[in-house]
Amino acid sequence: MEKTDTIKRKITYEKLFWLFIFGGIIGVVMEGIFCLISTGHWESHVVTLVGQFNVLYGVGAVLFYSIIALLYNKKTITKVLTITIIATVLELLCGILLADVLGMKAWDYSNCFMNYRGMICLVFTLGWGFAGYLFCLLFDKIDNALSKIKSKKWKIACIALSVFMAVNLLLTAISIVRWSERHYGIEADTKIGAFFDESTPDDWMQKRFIEWSFLDKH
């Protein structure tokens, strides 16, 4: 039995990668459904240049799984508190990166109770904890499902998609940086920058990253 538990708690790149992919896609679908219910129309909150994928949800799925796997023998309350704290800190760091480096924001909790700079707030911190608790309940089922994704075809798909996502994320990062630089009057000084200015103009980026905005407009 001990050997089986050890296998269940084993963290591998393949498991984390598929969690990243599935989590990112499911996150977009969930937000789309929420917008459909609350506003009456579908919104696709993607965070990549190519594909219906939200990096933040993908990272969240990996984070939840890794914490629970590492603390597998600890009490549920310990896992949930750890997830809540780390997720909140990472959300804050991402908010600071966007605001202080790029002069942008992708979310705003300014009107929420007990918020800090509109980047984190009590309600969403508790939300991280609730999501972490649900993940704890589903962990074994998720881990068992991931353990079955190990055939040669899945390994080839993992390698191919890993390369694709690495390129996708790199291009996304460059396009966002150039979007910010253009807004604040910084001209492209390389051919790469000029290429992204032409291929991912401001209006296209705003339609793609619909919730993102610049701080000097508020």
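The lining of the second largest pocket has 14 nonpolar residues, 1 polar and no charged. Here Ala, Val, Leu, Ile, Met, Phe, Trp, Tyr, Cys and Pro count as nonpolar, Asp, Glu, Lys and Arg as charged, and the others, Gly among them, as polar. This is a predicted model, where local features need pLDDT of at least 70, side-chain atom pairs count only at pLDDT 80 or more, and totals for linings use all residues. Residues are numbered from 1 along each chain, and side-chain values use heavy atoms, with hydrogens and water left out.

That second pocket holds about 410 Å³ of space. Of its 15 lining residues, Val47, Leu97, Leu98, Ile176 and Trp212 are closest to the centre. A pocket is an open set of points on a 1 Å grid where a 1.4 Å probe fits, with protein on both sides within 12 Å along at least five of seven lines; lining residues have an atom within 4 Å of a point. Volume is the space filled by probe spheres set on the points, joined across faces, edges and corners.

H3, H4 and helix H6 (152–183) each give two or more residues to that lining. H6 gives the most, with 5. Helices are DSSP runs (H or I, at least four residues), numbered from the N terminus.

Now H3. Among the buried ones are Val55, Gly58 and Phe64. At the N-terminal end, Asn54 caps H3: a side-chain oxygen lies 2.9 Å from the backbone nitrogen of Leu56.

Note on methods
Buried means under 20% relative accessible area, exposed over 50%, partly exposed in between (1.4 Å probe, protein chains only). A polar contact is a pair of N or O atoms within 3.5 Å; within protein, one must be able to donate a hydrogen and the other to accept it, and residues adjacent in sequence count only if both atoms are side-chain atoms.
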